[in-house]
Amino acid sequence: MSSRKKNITGFILAGGNSSRMGEEKGVMLLNGKSMVEHEIEKLKPCVDNLILIANSDAYMHFNIPVVSDKIKNTGPAGGIFTGLSISETERNFFISCDMPFITGKIILKIISRSVETEITVPVVNHRIEPLCGVYSKSCLEKWELLINAGTIKLREIIMHFSSKFVELKEDIFSAHQHFANINTKIQFEEAIKISETWK
């Protein structure tokens, strides 16, 4: 898989407050590994380098660089801005820390479609999934302007760029599970049940 690397930096977004979970969700154990560890394993072979965007010391022991948000309290939009501002590659793959069931196959499919466009994100069941996609370094200047203007919802921001939407078929990817965000204790308990049935 390493031969498919195409000058891409990977970022895991773990800068949220985890307020609905009540604890730092990215380090919660799922089938013996933290949710972030599951993502590191899937993402690392697909990119050239990997960085965590986090505002907590809980992520310091994963042996990859950890960078805090440059613009606080702006959610994932601020995390992506931080990543783009420090990245040394044009293409950058971003994923939220609460998506542990993502697969290398999905990541590579999205990356393979991310040419000649500023943003490439998947669409699952007619829903855009902006927290698992490729964002170009060239987006940085306009991205900052949009945040400063108060636009921080990702689905609104990406409409200001040349964006490609990759439809992922449910029957091929079981996408409703692969893209599940785990934000609450109930969702985490359900994720534990799913993880027991998956390799």
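Modeller: Contact here means that heavy atoms lie within 4.5 Å. With that cut-off, and not counting residues up to four places away in sequence, Leu146 touches Thr151, Ile157, His160 and Phe161. Please keep in mind throughout that this is a predicted model.

Biologist: Where does Leu146 sit, and is Leu146 buried or exposed?

Modeller: Leu146 belongs to helix H4, which covers residues 140-148. A residue is called buried when its relative accessible area is under 20%, and Leu146 counts as buried because its value is 10%.

Biologist: How should I read a residue in a strand, for instance Ile53 in strand E4?

Modeller: Strand E4 spans residues 49-54, and Ile53 has a relative accessible area of 1%, so it is buried. Beyond the residues up to four places away in sequence, Ile53 touches Phe11, Ile12, Leu13, Ala14, Gly15, Val67, Asp69, Gly79, Thr82 and Gly83. Between Ile53 and Lys70, which are 17 residues apart in sequence, the C-alpha to C-alpha distance is 9.8 Å.

Biologist: Which residues have the most contacts inside the largest nonpolar core?

Modeller: In soluble globular proteins, nonpolar side chains tend to be buried together. Here the largest nonpolar core has 53 residues, and those with the most contacts inside it are Ile12, Phe93, Tyr135 and Trp143. Once neighbours within four places in sequence are left aside, Phe93 is in contact with Ile8, Thr9, Gly10, Phe11, Leu43, Val47, Ile107, Ile110, Ile111, Cys132, Gly133 and Val134.

Biologist: What about a polar side chain: where is Asp98, and which side chain does the side chain of Asp98 contact?

Modeller: Asp98 lies in the loop between strand E6 (91-96) and helix H3 (104-112). Asp98 counts as buried because its relative accessibility is 3%, and its side chain makes a polar contact with the side chain of Ser96, at 2.5 Å.

Biologist: How many helices and strands does the chain have, and what share of its residues is buried?

Modeller: There are eight helices and 10 strands, and buried residues account for 51% of the 199 residues in the chain. Among contacts between residues at least 6 apart in sequence, 70% join residues at least 24 apart. The chain exposes about 9,800 Å², of which carbon and sulfur atoms supply 49%.

Note on methods
Residues numbered from 1 in each chain as written. Predicted model: local features only at pLDDT ≥ 70, side-chain atom pairs only at ≥ 80, totals over all residues. Heavy atoms only, no water. Helix = DSSP H or I, 4+ residues; strand = E, 2+ residues; numbered from the N terminus. Buried < 20%, exposed > 50% of the residue type's maximum accessible area, 1.4 Å probe, protein only. Polar contact = N/O pair within 3.5 Å; in protein donor to acceptor, adjacent residues only side chain to side chain. Core = buried A, V, L, I, M, F, W, Y, C linked by side-chain atoms within 4.5 Å. Areas by Shrake-Rupley, 256 points an atom, 1.4 Å probe, with all protein chains shown as cover.
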